[in-house]
Amino acid sequence: MDAELPFRLELAGITKRFPGVVANDDVGFAVRPGEIHALLGENGAGKSTLVKMIYGILQPDAGTITWNGHPVVVPNPKAARKLGIGMVFQHFSLFEALTVLENIALGLDAKVPARELESRIRAIMQQYGLMLDPHRIVSTLSVGERQRIEIVRALLLEPQLLIMDEPTSVLTPQEVDQLFVVLRQLAQEGCSILYISHKLHEIKALCDTATILRGGKVVDTCDPKVETSRSMAEKMIGAGLKDIVKGKNRTFGAPRFSVKHLSLKSDAQFGVSLEDIGFEVRAGEIFGIAGVAGNGQNELLLALDGEVPVGRDAIVMDTTAVGELHPSERRKLGLCAVPEERHGHAAVSDFTLSDNTVLTARDRLRMVTGGLIKAGAAKTYTGEVITTFAVKALGPSATAGSLSGGNLQKYIMGREILQKPSVLVVSQPTWGVDAGAAAAIHQAIVDLAAQGSAVVVISQDLDELLALCDTLAVINSGRLSQKMVVGEVSIEEIGLLMGGVHGTAEETHIAPGAAHAVPA
Amino acid sequence: MQFRLEKRPQPSRLMLYAAPVLAVLLTMVAGAVLFSALGYNGIGAVLEIFTKPLTNPLKWQDLGVKAAPLIIIAVGLSIAYRANVWNIGAEGQYVAGALGGTAVALLTMKMQGPWILPVMILCGILAGMALAAIPAFLKTQLDVNEILTTLMLNYAVVQLLYFLLRTSWKDPMGFSFPKTPLFTASQSLPFLWPGTIMHWGVPTAIVVALVAWFVMSRSVFGFQVRVVGSAPNAARYGGFSAKRTVWLALLVSGGLAGLAGVLEAAGPFRQLVPAFPTGYGFTAIIVAFLGRLSPLGCVIAGLVLAISYVGGEVAQTTLGLPSAATGIFQGMLLFFLLAGDVFVRYRLKAVSTRPAGEAA
């Protein structure tokens, strides 16, 4: 690194207030040219707010941004791109029905003729080994390939600073490795990278420096190669880490929850059809379903909890075939579920917590007599959930929408777990939840299983599944792999399964400079 | 200095209840300005319309009689709208209710007994439900938009009314006028007190609102309607069927509109005439929204709209205001109410003129 050059980006005293919270409080750090700089912190630590100010989406209330030695104001993203700041968002903004080339052209500030653009795109893809056919329709691409579109789009502007917001949360382990190769090459050529993540082993593997944010403040700037994952995690959450306590010599009982030959055609345009899914979960077992987002996880959850009825014998609880039963009937038999989306699916945002309790607990906990709701019973149970799961809420009459994401998730998990289900199906149990709440949720799942329930955990977070589950399988394009025992299977193997069909299709389908696929 | 609408983190409860009050006040102000510009005594007109019906005890009965059908229909609509089922066909269901009741009346002209009126009322409710069942079927089986089907059925039913009045239902002793015979005493809604025009429909409206309030706030049915309306995915997850809710919402709102229709036919009208459809089914939409889709709110809102009807009539005779004035005031009321409702979820924020709002 050249120490003579001014810092590529230097922030000093950056403060941003929103009604009720200080999202960034006197934040300052500096990024050298060619440095890969990690911005580390839990959800809600203020990482996103900070990079939105660098990229011009938000304006700081106080503080200065210095760009290559000159103080600058970034009024909007267009100005940021003009300065040489590129950003790859966590959520892609792509048109599914258009080609890669059309999507990139739409995102550019300047109009570039298609032929010239294509040759520039091909040059960039060749240079960085980003393999992608410019004429493929986006809806046929995997998530990893879609991310490459966003990266190519950012690189076309020859940025001096590339901001990557949680880029690996949707990638398979192999795709993560490929991404890191590209990022290292970019850094070597002098482009600085601001890498936002909460995954510590990635930061140790990739980054030169890490700035750790907690509650909107910088708590430390350190060298991740020197720190341990544990020490960084503790700085990030500001407390000691709690490990999941599992009983020793766990034994499993009889099969409680079996799925056989479950197939379901998707009627949505870009939905995923489930094909011949089968697995069996025994009493006391925690079974994980890994996979990259959008491979049929949502469809599977809807089939398992009864929101979309399937064939009668496709799903069996203990000895009862429940495939045709509706959610209420399955709940009466002991099957509780937590879908991924909290607002508007697992909970109604503008209802009180008590009313949200009535939503799923009314039959199992006898909150209804003669068609009338026993408001008192709902309130008592809600209070119980709030205390047992340490939910930060004003009380049972607080609206679900007034809770933070982590607290709402704790409430929802608590609402289902305290109903003592014999089968619990959860999707993304700790998505967007801080480490403290995540640990509490994990422990509650383990404790439920210890009481003899069968638990299915659907998650994109492989680390979570490996820590939590006894067995797991991988879902890819609506198909589920064989069941594997955690501890006996390697991450590489799981990663290959996660990449599944996409990985092989990519190799046979696309090579740089290959003949154009037929445009649709 | 510029202003921008900014989403509130939480819907404002204050604005939720302030919006209808503001809408009424703004309607009065805008009405005064409008009628002054047209050369009338604007302030006088507004006072005449909005205060005369309240200050003159003789008009209180009129208020009750006008408010009763509005309240009954609006309570049904508020339940449907809560479930996100947009029944715009209350006018038709109201007429259908009257047709159902009248059919019984015409068959029982030579009979007597206390059972006749209850049968008429029952048939009125069933007729309203039957008409609402058509859009319910189309919506749940074929996914046809209920706004269009309910709206179009209004015109079909009114034409049916005209057809019947000119053919088989025409009073043979009626000098060829298109109207049914007058109902007999057994077929007419009795008055609360002799010598007044206050009929039993008025207390019925209050009872309907109270029952609906209890059901909506305490029962699983009310819960189901609210969940399906606010979060359809959560409703499915909670085990509530969306199709069942569409059926229930349309049957309840259609049945109540039918009840209002048969009460009106057996009460103030005592027969069916071509002038029977007076737009109560449309005005009740305003009542439902002004009453914040709450059954008890509909009682207050029903009285407010009844004031505009009664006051409009007063102003016609005393100030010579055109009869369209009532419609103008009701239209302005809905307009200001919908505009005010924007501020339940949004607020105005002053932004500096520096080009900072460009970021998307």
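**Reading helices, sheets and a contact**

Mentor: Start with a helix pair. Helices α5(B) and α6(B) are roughly antiparallel to each other, because angles over 145 degrees count as such. Helix α5 covers residues 116–142 of chain B and helix α6 covers residues 146–166 of chain B; they pack at an angle of about 150 degrees, with their axes 9 Å apart.

Trainee: What is the handedness of the crossing of α5(B) and α6(B)?

Mentor: The crossing of α5(B) and α6(B) is right-handed.

Trainee: Which residues make the contact?

Mentor: From α5(B) come B:L131, B:I134, B:P135, B:L138 and B:K139. From α6(B) come B:E146, B:T149, B:T150, B:L153 and B:V157. By class, this contact of α5(B) with α6(B) has six nonpolar, two polar and two charged residues.

Trainee: Before I go on, how far can I trust what I see?

Mentor: This is a predicted model. Chain B averages a pLDDT of 91, and 97% of its residues score at least 70. For the complex, the predictor gives an ipTM of 0.84 and a pTM of 0.80.

Trainee: Where in chain B does pLDDT stay under 50?

Mentor: First the general idea. Where pLDDT is low, predicted coordinates should not be read in detail. Here, that stretch is residues 354–360 of chain B. The model has 11 contacts beyond four places in sequence for residues 354–360.

Trainee: Back to helices. At what angle do the axes of α4 and α10 of chain B cross?

Mentor: Helix α4 (residues 90–107) and helix α10 (residues 242–269) of chain B cross at roughly 55 degrees. Their axes come within 6 Å. The pair α4(B) and α10(B) is therefore oblique. The crossing of α4(B) and α10(B) is right-handed.

Trainee: Which residues meet there, and of what class?

Mentor: In α4(B), the residues include B:A96, B:G97, B:G100 and B:G101. In α10(B), they include B:G254, B:A257, B:G258 and B:G261. The residues of the contact of α4(B) with α10(B) divide into 11 nonpolar, nine polar and one charged.

Trainee: Now sheets. How do I read the strand order?

Mentor: One open sheet in chain A has six strands, in the order β6-β7-β8-β3-β9-β10, with mixed pairing. Its edge strands are β6 (85–88) and β10 (217–222) of chain A, each pairing on one side only. The twist averages 20 degrees from one strand to the next.

Trainee: How many bridges join β6(A) to β7 of chain A?

Mentor: Four bridges join β6(A) to strand β7 (residues 161–165) of chain A, and these two run parallel. Find A:V88, which stands opposite A:M164 in β7(A).

Trainee: Which helices pack on this sheet?

Mentor: Helix α5 (residues 143–155) of chain A lies across β6 and β7 of chain A, running at about 175 degrees to β6(A). Helix α6 (residues 173–188) of chain A also packs on the sheet, touching β3 (36–40), β7 and β8 (192–197) of chain A. The direction of α6 makes about 145 degrees with that of β8(A).

Trainee: Why is one side of β12 and of β15 of chain A left without a neighbour in the sheet?

Mentor: Look at the order. Four strands of chain A form an open sheet, β12-β11-β14-β15, with antiparallel pairing. Strands β12 (274–282) and β15 (320–321) of chain A stand at the edges, each with a single partner strand, so one side of each has no neighbour in the sheet.

Trainee: Last, the contact between the chains. How many residues does each chain give?

Mentor: Chain B gives 21 residues and chain A gives 28 residues. On chain B, α8 (220–230) and α9 (232–237) each supply at least two residues of the side that touches chain A. Helix α8(B) gives the most to that side, with five residues. By class, the side of chain B that touches chain A has 12 nonpolar, six polar and three charged residues.

Technical notes. Residues numbered from 1 in each chain as written. Chains lettered and ligands numbered in written order. Predicted model: local features only at pLDDT ≥ 70, side-chain atom pairs only at ≥ 80, totals over all residues. Contact = placed C-beta atoms within 7 Å. Nonpolar A, V, L, I, M, F, W, Y, C, P; charged D, E, K, R; others polar. Axes fitted to C-alpha atoms, helices over the stretch in contact; angles between N-to-C directions. Parallel < 35°, antiparallel > 145°, perpendicular 65-115°, else oblique. Left-handed = near helix turned anticlockwise from the far one by under 90°. pLDDT = per-residue confidence, 0-100. Pairing = 2+ DSSP bridges.
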